Amino acid sequence: MNKILQVGLATGLLATAVLAQGPPGPGAGGPHGRGEFRAGAFGPGMHPGKVVTGAPYQATATSTFTQVLANGNTIQRTTTATVARDDSGRTYEQETITGGPLASAGTAKVITFLSDPVAGYSYVIDASTKTVKRRALHTPPANGSAMKNFTPLQRPANPNVVENDIAQTTMNGVTVTGKSMTHTIPAGQIGNAKDIVWTDTIYTAPDLHVVVSATRNDPRFGSSSYALTNITKGEPSVSFAIPSDYTVEDVKGPGARGPHPPQQ
């Protein structure tokens, strides 16, 4: 689970950079900049880059963020997204953006992120301009030839992170297992007079391969939460088709979201 958070943090920061430049690419997971979870942070799956087949679902992803500033002022954000995955591993995430560089003043922007490992493309669909940015998904080498001599980097255990498993339970209509991770920055490490401590708590649904709930309360930045609700197992009702009257533009480079297609 710790690995999921580390990967999610990296992809979340990548999504931040892409958002600042223009429409992002599909499927980022994990905490956003400064510990904030995005609406589709862990959806449509908890393993960025992995195609999950045979576990279709549809749900609503909601993230909230609250930060209290030193002068008593507060920052609060709530964002939602519809997330889904079909039986063949195609993923869908539609967000309504009401602020930031992608939304005009007073006008919400609807962006849909699709990843289609069957067709081999990810798509960013902008309903306001009827445009689609299409990226080719990375295709792993046949038989994993490039990975034969690869040895994964083994990181030593971090003595400042304590993990605890949480007993299996039911949450939002699905069975989940949980894990909490307590992080400590010892006094003096970054100029702090006392230890800085925060905890991440994450519940996942093993049969769907998704994060159902995630919370973080970091005294440096604020509190953030992510929740998957209205979960429906089975083929989703959303459409994975590109509207015929939309203009499709092929772009190069990796998107901020989207799994690689499975090996043949």
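Buried means under 20% relative accessible area, exposed over 50% and partly exposed in between, with a 1.4 Å probe and protein chains only. The model is predicted, and local features need pLDDT of at least 70, side-chain atom pairs count only at pLDDT 80 or more, while totals for chains, interfaces and linings use all residues. Residues are numbered from 1 along each chain as its sequence is written, and side-chain values use heavy atoms, with hydrogens and water left out.

**Exercise 1.** Classify the aromatic pair formed by Tyr 92 and Phe 240, and state where its two members lie.

*Solution.* Begin with the rule: rings of Phe, Tyr and Trp (its six-membered ring) pair if their centres lie within 6.5 Å, and planes under 30 degrees apart count as stacked, over 60 as edge-to-face and the rest as tilted. The centres of Tyr 92 and Phe 240 are 6.1 Å apart with 75 degrees between the planes, and the pair is edge-to-face. Finally, consider burial: Phe 240 counts as buried because its relative accessible area is 13%, and Tyr 92 is buried because its value is 8%.

**Exercise 2.** Determine whether Asp 116 is buried or exposed, and which side chain of opposite charge is nearest.

*Solution.* Asp 116, in strand β4 (residues 109-116), is buried yet has no salt bridge, a term that requires a side-chain nitrogen of Lys or Arg within 4 Å of a carboxyl oxygen of Asp or Glu. The nearest side chain of opposite charge is that of Arg 90, 4.1 Å away, where Lys and Arg count as positive, Asp and Glu as negative, and His and the chain ends are not counted. Leaving aside residues up to four places away in sequence, Asp 116 touches Arg 90, Tyr 121, Tyr 123 and Leu 137, contact meaning heavy atoms within 4.5 Å. Two of these neighbours, Tyr 121 and Tyr 123, form a tilted aromatic pair, 6.2 Å centre to centre with 45 degrees between the planes.

Terms used: Helices (H or I, at least four residues) and strands (E, at least two) are DSSP runs, numbered from the N terminus.
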